[in-house]
Amino acid sequence: DDETRKEYKLPQGVSGVVVVEVEPGSAADRVGLQPGDVIEQFNGKRLRSPEDLRSLVEQARGKYSLVVRRAIGGQFATIQIQIQE
């Protein structure tokens, strides 16, 4: 939403699920996800809401592929991450 977009300084063209917290020791922490990252895709499917992400994680059975947008030096980079639990 606009409030989250403003808080994390996200441009209008970026969409997905914003990471607001990363639990220490979690799979997300181990692969380096950070608050402010935007998960655009999970296992090849575009995300529109946190509920989309939760549902897909439950179905994934420990093997994930993420496409993440991250602000680096004032620009956004696209990062692909593979996770296996």
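Start by selecting Asp 37, which sits in the loop between helix H2 (27-30) and strand S2 (38-42). Helices (H or I, at least four residues) and strands (E, at least two) are DSSP runs, numbered from the N terminus. Before going further, note that this is a predicted model: local features need pLDDT of at least 70, side-chain atom pairs count only at pLDDT 80 or more, and totals for chains, interfaces and linings use all residues. Residues are numbered from 1 along each chain as its sequence is written, and side-chain values use heavy atoms, with hydrogens and water left out.

**Stop 1: around Asp 37**

Is Asp 37 buried or exposed? With a relative accessible area of 2%, Asp 37 is buried. Here buried means under 20% relative accessible area, exposed over 50%, and partly exposed in between (1.4 Å probe, protein chains only).

**Stop 2: the salt bridges**

There are three salt bridges to visit, each a side-chain nitrogen of Lys or Arg within 4 Å of a carboxyl oxygen of Asp or Glu.

- Next, pick Arg 69 and Glu 40, whose side chains meet in a salt bridge (3.5 Å, N to O). Arg 69 lies in strand S4 and Glu 40 in strand S2, so this pair ties together parts 29 residues apart in sequence. Glu 40 is buried at 8%, while Arg 69 counts as partly exposed at 23%.
- Then go to Arg 54 and Glu 51, joined at 3.7 Å, N to O. They are three residues apart in helix H3, so about one helical turn separates them. Glu 51 is partly exposed, at 48%.

**Stop 3: the nonpolar core**

Finally, select Leu 33, Ile 39, Phe 42, Leu 47 and Leu 66, the residues with the most contacts inside the largest nonpolar core, which has 16 residues. Such a core is a set of buried Ala, Val, Leu, Ile, Met, Phe, Trp, Tyr and Cys residues joined through side-chain atoms within 4.5 Å. S2, helix H3 (50-60), strand S4 (63-72) and strand S5 (75-84) each supply at least two of its residues.
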